[in-house]
Amino acid sequence: MAQDTTVPKLNFEYWLDKAIEWGQATTLESQKDVCLHLPQLQEFLHQLYETIKHLGPTVAIQQFPLIGQLLGRLCWNPFVIGYDESQKTLMWCLCCLYSSEPQNAVELKANSWIRSLLCHLLSSSKWESNEAETSTFISALGYTSADYYCHLVKNMVVSLVTELRENQCNGFNIQESISASRVNAISIFCVPLITLPDLTPLLETLLLYHGGSSKEILSSEFLEAVNEAFLKKKISLPESAVFSLWLRHLPSLEKATLHLLDQLFSIQLNSLEEVARVIKDSLLPQAASHPAIFRIVNEIFKNALMETDGTPEVMTIIQVFTQLFLQAYQNENKQKFPLKAYFPYHHQPLVRSLVRHPFELPTTYWSQHVKHISDMLKAIVEDTNVSSLTDLFEIWFLVACFGDWLDIAAEQLLKAAVEPDPVLWLLAFYYCPKNENQQRTQTMVEAQALYNHLMTLFSCRDLSLKDLEAAVHRVTGVEQCCNQQLTTHLLTNFLLFSSGGHKIAQECIYHITEITDTSKEVYNLLIRTAYRFNRSGEENQRTVKLMNELLQKFTLKV
């Protein structure tokens, strides 16, 4: 359905009233009010431009009879034309009103007026002074106007930073402390200048500033503007300042997390190295070293997983984020928070086992560690206290975040001499956490039968697709989605790690995914496995080469 791009009349009148009320922003109150409204005003001007750019001058003026008055007043407001892209958008709007072939005296006069405003906007960017005395004084100092105002801004920033830092050190000296209202006013006046490079030290100081008040003293408009500029990479800030921003302003943290998810959804997951780079660049894993940030980000990820019905792409993103968070947590030089601060409602021995990175242990110990995780998890899940689906989901989500151990569990079944039942139970729980109508029990029975069948073929060097038809037939006869995914997981690992699986891997995996519609699950399993192998550097190069070939095929298919 086509969208109506007309700017609502009420909105137009609102901004005209504001422009009249502000004048040239000569009073403190009007200046504060302008600063508070600048982001919304810029959005309105952009919307106005998008509406009039195809109308032509005559139609635009017919639709908005007072557009000249609005634009004229805004062009003479120094706070408006100094903010981000507002000056440029005003120029665009004025150009839309310019008649290329004026038909009468009115249009000629309008063109002259527009030219004068455009000259004003262009000259205003050069910081020209209207007062002869000021110009003479600046010249006497040996500066141009632009140099003078540049130095003025730098000196102002240095002065404010020094004042704030000294106040932070002397916070208990009431006579020297800065009032909360003054700090709030400073933050508001920074809003139009957020993207000015010389302002960065002041932004950092404000974000790290904490007065004696229990309430937030920085304006929400300032915090939102800084976060927006940071996410759009218009400014660069030290990590400590960014972390402080997210700790003191929850909406900014939520927006940063959703922005990261949008970024990752917009790119094709060709490799988890690329996913890891994007996640790390967001600074969210590093910021999550603070438990409050970790729990909020984790909750947003959890909601995203539920809203997308547990798609493998979202689960893979969560698992990579968790790995990067653990790296940042382990590299933390300061005193670490206990793990309980991050996972306060979970069985702590299970948490400690899951956060143990596989590369911290000898590969010969992996099977024992997987069994240990499975035994603890089974005891918790089968406890009568875990009765609600919510509790069960929380336990499942905790295990799912540490996907490396799940993938290793499936590999160990085929590659090592393990006791299969605990490992199969762990995988059955992941793919079928609920046991209503004995679903998980039935999944265990079928997984055990498939495992036994695959082990009889594991050492065969000359395999064909026909040899695996019995296993593939097991997939076709299963209606439960969880069983399809688990069966596909085991079959894919068999083809990757068995003696004869390499020869028929491409044909067989293609056949399996066609039957079960599990292309995305297989693709995400392959990129997870490739990511882990690339980090360890210990796996058989033949297997790595096969995975890369399979990934190239799947990139075109998924």
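In the predicted model, the axes of helix α20 (residues 366-381) and helix α21 (residues 389-401) come within 11 Å and cross at roughly 170°. An angle over 145 degrees counts as roughly antiparallel, and α20 and α21 are therefore roughly antiparallel to each other. The contact between α20 and α21 comprises 6 nonpolar residues, with no polar and no charged residues. On the α20 side these are L377, I380 and V381, which meet L392, I395 and V399 of α21.

Helix α20 also contains S367. The relative accessibility of S367 is 17%; since buried means under 20%, S367 counts as buried. When residues up to four places away in sequence are not counted, S367 touches Q412, A416 and V418.

The chain as a whole has 29 helices and 0 strands. Of its 558 residues, 49% are buried. The accessible surface of the chain comes to about 28,100 Å², and carbon and sulfur atoms account for 53% of that area. Among contacts between residues at least 6 apart in sequence, 70% join residues at least 24 apart.

Side chains of opposite charge can pair when their charged atoms come close. The count of salt bridges in the model comes to 14. One of the salt bridges is formed by the side chains of K18 and D33, with an N to O distance of 2.8 Å. This pair links distant parts of the chain, as K18 lies in helix α1 (residues 9-22) and D33 in helix α2 (residues 28-52), 15 residues apart. Both K18 and D33 are buried.

K302 counts as buried at 5% relative accessibility, whereas E299 is partly exposed, with a relative accessible area of 37%. Elsewhere, salt bridges that share partners join K18, E21 and D33 into one network.

Backbone angles were also examined. Most residues other than glycine have a negative phi. K233, a residue other than glycine, has a positive phi near 60°. K233 lies in the loop between α12 (220-231) and α13 (239-248). The relative accessibility of K233 is 65%, so K233 counts as exposed, the cut-off for exposed being over 50%.

A positive phi is also found at D309, where the value is near 55°. D309 is located in the loop between α17 (291-307) and α18 (312-331). With a relative accessible area of 73%, D309 is exposed.

Methods:
Residues numbered from 1 in each chain as written. Predicted model: local features only at pLDDT ≥ 70, side-chain atom pairs only at ≥ 80, totals over all residues. Heavy atoms only, no water. Helix = DSSP H or I, 4+ residues; strand = E, 2+ residues; numbered from the N terminus. Buried < 20%, exposed > 50% of the residue type's maximum accessible area, 1.4 Å probe, protein only. Contact = heavy atoms within 4.5 Å. Areas by Shrake-Rupley, 256 points an atom, 1.4 Å probe, with all protein chains shown as cover. Axes fitted to C-alpha atoms, helices over the stretch in contact; angles between N-to-C directions. Parallel < 35°, antiparallel > 145°, perpendicular 65-115°, else oblique. Nonpolar A, V, L, I, M, F, W, Y, C, P; charged D, E, K, R; others polar. Salt bridge = Lys/Arg side-chain N within 4 Å of Asp/Glu carboxyl O.
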